[in-house]
Amino acid sequence: MTVNHKVIEILKTKSLVPTFDPSMKTLMRIVKFMTENSSGGKTQLALDTKLNYARLAKHIVWMEKKGLVESTIDENKINVALTETGRDFAKIISKIL
């Protein structure tokens, strides 16, 4: 699968439109999957969570800015993992929703 250049740019620069507001439902879907499964590539995460790749990328960048996830680029594969703060966030929102 070829990664959209615009998506790569969002991930590398970690910049979002200032008005971006993440969806709590989408955040919950991402966090739930990440807590139940090992870290992996963004493409696989998009498939597993049934999210559009660009939508996932925006949420991951937002989560990274908040310190909830860390992403790394390794040979054109973008890997994402929850941070300790992200795991705490997952516990809190799982109790709420």
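## Packing of helices α2 and α5

In this predicted model, helix α2 (residues 24-36) packs against helix α5 (residues 84-96) with an angle of about 120° and axes 10 Å apart. The two helices, α2 and α5, are therefore oblique to each other, since an angle of 65 to 115 degrees would count as roughly perpendicular and one over 145 as roughly antiparallel. The crossing of α2 and α5 is left-handed.

On the α2 side, the contact is made by Met-24, Met-28, Val-31 and Thr-35. Their counterparts in α5 are Phe-89, Ala-90, Ile-93 and Ser-94. Sorted by class, the contact of α2 with α5 comprises 6 nonpolar and 2 polar residues, with no charged residues.

## Thr-49 in helix α3

Helix α3 spans residues 42-49 and includes Thr-49. The relative accessibility of Thr-49 is 4%, so this residue counts as buried, the cut-off being under 20%.

When neighbours within four places in sequence are set aside, Thr-49 is in contact with Arg-29, Ile-30 and Phe-33.

Strand β2 (residues 69-74) pairs with strand β3 (residues 77-82) in the antiparallel sense, over 6 bridges. Within this pairing, Thr-72 stands opposite Asn-79 in β3.

The strands β2 and β3 form a hairpin, with 2 residues between them. In the turn, Glu-75 has a positive phi of about 50°.

Notes: Residues numbered from 1 in each chain as written. Predicted model: local features only at pLDDT ≥ 70, side-chain atom pairs only at ≥ 80, totals over all residues. Heavy atoms only, no water. Helix = DSSP H or I, 4+ residues; strand = E, 2+ residues; numbered from the N terminus. Buried < 20%, exposed > 50% of the residue type's maximum accessible area, 1.4 Å probe, protein only. Contact = heavy atoms within 4.5 Å. Axes fitted to C-alpha atoms, helices over the stretch in contact; angles between N-to-C directions. Parallel < 35°, antiparallel > 145°, perpendicular 65-115°, else oblique. Left-handed = near helix turned anticlockwise from the far one by under 90°. Nonpolar A, V, L, I, M, F, W, Y, C, P; charged D, E, K, R; others polar. Pairing = 2+ DSSP bridges.
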